[in-house]
Amino acid sequence: MQRPPRSFVFDTWPRTAARHPWWVLGATALALAALVFAYSVFHGSYSDAFSMKGTEAQQAVDLLQARFPQQAGDSATVVVRAPAGVNDPATRAKVAGLIAQLKALPDVVDVTSPYGGQNTTSSDGTVARITVQYAKKARDLPPGAASALLALRQQVSTPSFQVEAGGPVVASAERGSLGNLTELIGISVAILVLLVAFGSVVAMGLPIITAVVALVSGLLVIGVGTRFVGLPSFTPQFGAMIGLGVGIDYALLIVTRYREGLARGLSIDNAIVQASATAGRSVLFAGSTVVIAMLGLWAVGIRFVADLGTAAAVIVALSVAVALFVMPAILKVVGHNIDRWQVPGLRVTANEGESGFGYRLSRMIQRVPVPALVVSLALLVTLSIPLFSIQLGSSDAGNNPTSYSSRRAYDLLSAGFGPGFNGPIIVALRMDTAAGAAAVSALPAELASLPGVKAASAPRFNADRSAAIITVTPTTSPQNAATATLVHNLRKALALDTAGKGTQAFVGGTTAAFIDIGSQIAGRLPILFISVIGLSFLLLMAVFRSVLVPLKAALMNLLAIGSAYGVLVAVFQWGWGAGLIGVTRTGPIESFLPMFMFAILFGLSMDYEVFLVSRIREEYLRTGDASGAVARGLSLTTRLITAAAAIMVAVFLSFALGDQRVIKEFGIGLAAAIFIDATVVRLILVPAFMQVMGDANWWFPDWLDRLVPRISIEAHHATPEPVPVRTDA
């Protein structure tokens, strides 16, 4: 029989890497060095601020930049607490000195004194607030601007004169201080899981090494990218979470297949080619689905979401590249030493037979497939119930740890003035006629009468009175659902109040901007869902030549993701077990988080689908026994999927110990989804469903077979031909 042409990635390259492993490793080291150099010269900085084209909040920014640039930048709120009273002569002198120092800070254009203003000192006279206006938005400020403010705060703050700082400018400077610790915890747990899975220190080390290489490379590339695009401050932690999870998993699959090859008596070089031709194809396909899912975020039409998705896609792509192009060289260098330094008491075989746990579990489920199907579906539906109470929004500084100055400033403002002072709403007004200025002067009284408004400031006009701003203070905190209602009511009221008066109003500010983001994301979620699910369905259909298998995968993945959303709501909105991960205040789910979780989880769950179903299909094509193929396929992949899932769950859960709420949400949500997917879905639902459907699992009509292109993730031959390199001892 004529042999299909060789593939460069799965055949030619593994042979080349096996022939010249040290050249490959040297080139990898040089590439890393080049990335380090590029990062040191070209890296930018992360920022939590971003623009949102087409939203009213962005229109407010554009108006102020054009007509009132002094008020177009972001601001910081400096809060002073003096037990002796802010009107005490000694305290007033300190405040005056502080204001002078604030005015001297870089990029500061105005500082508002707390004396003589409206709602600038608390009713008990112990707390005062100072507004520091910057010339630019937080994303455009140099990194030293916020750092200088925080340094000054630390310098002047004492127990009798407490000074704290908050606001958009400060938020971008306060990074997660526990990032490195969480990564170390994740890697430590991954090491333990790999030791149990392989029983060997050497075999355990390979996935860790390659995952770290890919992650470091990805973070360096993204660091250079921040010079050109705006990425939020949690991007490195987010990237580390995804990179460690997929990087270890992809390497784990290849190392497992390599050990299987050695156990069957193949030479080192043939085992490398065999692993690349089988596991390598699965890695490429699984990684491609994750990359496609992340790049699918561009369909949402929100730039910062697309940029963050692209950053994650870069890290996943590099994880695939390292697994495919660097791992063969590492395996050649390690050779038969892959099983050296075995852990006492952990004698793990390279593959699992019909006496293994996976085979026994599958046979047990296959004896009662319908009850297993019903119970597992009921469990997933139950976990998904909280999803119907989800509140999307943006968490405020009140969710930060108390080690943050922004959190202490938030608490002082809430106690002294009310929670709404932590998220003022800015009304930007454009006046095109002389009568417009008179109409604007009457607006504060009307706005102050609206439900949910605590105060509305007098308008501040620009020099030619063609633009003005009014600051509206809500009665509720920025993350409260009532604040979102107020923003919508303000827009309706202002549209009526300014109609026909030569004035146009735009409701903006940070609080309104996040509300607009939530609304825009909610409107575009169906686009993402349809595009990712549709493309995944087509890919699986092309790979497995089946209609039911991809349909089953799509539905079960949706159930697993829905269950993860339910867990998120229960923990972060309802507070169930929140204290265990350091969450002291309930609040909404970040508006962009469901979108990212969907893209990530749909891609990652495809990994397990490919790993499991490809083995089942392999057995079915070999034997024609649908029931036996399911049991055998599960027996061959149970240990691998369990180890891979345990590593991902451990890595994701470790990030729940970080100090940023959004990272905690990602960690808990991703860990819950992977755990559910690898246990309930893969170990129970899949064998139960495929047992019920029997041979119908592989039904694929001839007309569809002709239309759908073929994508192979299996080797063209079961045993690779000899590799023309030196023989192994």
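**Close-up views of a predicted model**

A search of the whole structure, which is a predicted model, finds 16 salt bridges, a salt bridge being a side-chain nitrogen of Lys or Arg within 4 Å of a carboxyl oxygen of Asp or Glu. Local features need pLDDT of at least 70 and side-chain atom pairs count only at pLDDT 80 or more, whereas totals for chains, interfaces and linings use all residues. Residues are numbered from 1 along each chain as its sequence is written, and side-chain values use heavy atoms, with hydrogens and water left out.

**View A. Glu 56 and Arg 491 meet in a salt bridge.** The N to O distance between the two side chains is 3.4 Å. Glu 56 lies in helix H3 (residues 56-67) and Arg 491 in helix H17 (residues 481-498), so the pair ties together parts that are 435 residues apart in sequence; helices (H or I, at least four residues) and strands (E, at least two) are DSSP runs, numbered from the N terminus. Arg 491 is buried, with a relative accessible area of 15%, where buried means under 20%, exposed over 50% and partly exposed in between (1.4 Å probe, protein chains only).

**View B. Arg 408 and Glu 164 meet in a salt bridge.** Their side chains come to 3.0 Å, N to O. Arg 408 belongs to helix H14 and Glu 164 to strand E4, so this pair ties together parts that are 244 residues apart in sequence. Arg 408 is partly exposed, with a relative accessible area of 23%, while Glu 164 is buried, at 3%.

**View C. Strand E1 (residues 75-81) pairs with strands E3 and E4.** Two strands pair if DSSP finds at least two bridges between them. With E3 (residues 127-134), E1 pairs in the antiparallel sense over 7 bridges, and Thr 77 has Thr 131 as its bridge partner in E3. E1 is joined to E4 (residues 162-166) by 5 bridges, again antiparallel, and Val 79 stands opposite Glu 164 in E4. Strand E1 is mostly covered, with 5 of its 7 residues buried.

**View D. Asn 399 sits in the loop between strand E5 (392-393) and helix H14 (405-416).** Asn 399 counts as buried because its relative accessibility is 14%. Its side chain makes a polar contact of 2.7 Å with the side chain of Gln 479; a polar contact is a pair of N or O atoms within 3.5 Å, and within protein one must be able to donate a hydrogen and the other to accept it, residues adjacent in sequence counting only if both atoms are side-chain atoms.
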